[in-house]
Amino acid sequence: MLKDSVGTDAGRIWHLLNEKGEMTFAQIKKDLKGKNEDLYMAIGWLLRENNIYSRVEDEKMVFGYK
């Protein structure tokens with residue numbers, strides 16, 4: 001089920017940001033070796049649930065653990 005896989009990816013991203021600190025999308029993708037679409041959905045879920053934050057630095061979106 002898609003919801004389960006998005007939830008799994010969200011958990012992986014949340015733990016990665018907790019361990020490594022702020023990261024760009026490219027860094028997250030490289031570490032998790034996921035598909036763009038899956039990672040975008042998981043990041044959206046985490047942002048919507050207020051579990052991570054985002055900001056722009058040097059014209060790149062940076063994500064961090066709350």
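Reply: D9 counts as buried, at 12% relative accessibility; buried means under 20% relative accessible area, exposed over 50% and partly exposed in between, with a 1.4 Å probe and protein chains only. This is a predicted model, in which local features need pLDDT of at least 70 and side-chain atom pairs count only at pLDDT 80 or more, while totals for chains, interfaces and linings use all residues. Residues are numbered from 1 along each chain as its sequence is written, and side-chain values use heavy atoms, with hydrogens and water left out.

D9 lies in helix α1 (helices are DSSP runs of H or I with at least four residues, strands are runs of E with at least two, both numbered from the N terminus). Leaving aside residues up to four places away in sequence, D9 touches D38 and A42, where contact means heavy atoms within 4.5 Å. D9 also has a charged partner, R12, with which it forms a salt bridge, that is, a side-chain nitrogen of Lys or Arg within 4 Å of a carboxyl oxygen of Asp or Glu. The closest N and O atoms of D9 and R12 are 3.3 Å apart. Both residues belong to helix α1, which covers residues 2-20, and they stand three residues apart, about one turn of the helix. While D9 is buried, R12 is partly exposed, its relative accessible area being 35%.

A further pairing joins R55 to E22, whose side chains meet in a salt bridge at 2.5 Å from N to O. Because R55 lies in strand β2 (residues 52-57) and E22 in the loop between α1 and β1 (23-24), this pair ties together parts that are 33 residues apart in sequence. R55 counts as partly exposed at 32% relative accessibility, and E22 is likewise partly exposed, with a relative accessible area of 34%.

E57 is partly exposed, at 36% relative accessibility. In general, side chains of opposite charge can pair when their charged atoms come close.

These pairs sit within a chain of three helices and three strands. From the N terminus on, the elements run α-β-α-α-β-β. The radius of gyration of the chain is 11 Å, close to the 11 Å that the globule rule gives for 66 residues, so the chain is as compact as a globular protein of that length; this radius is taken over C-alpha atoms, and the rule is 2.2 Å times the number of residues to the power 0.38. Along its principal axes, the C-alpha trace spans about 35 × 25 × 20 Å. Of the 66 residues, 29% count as buried. Among contacts with a separation of 6 or more, 49% come from residues 24 or more positions apart.
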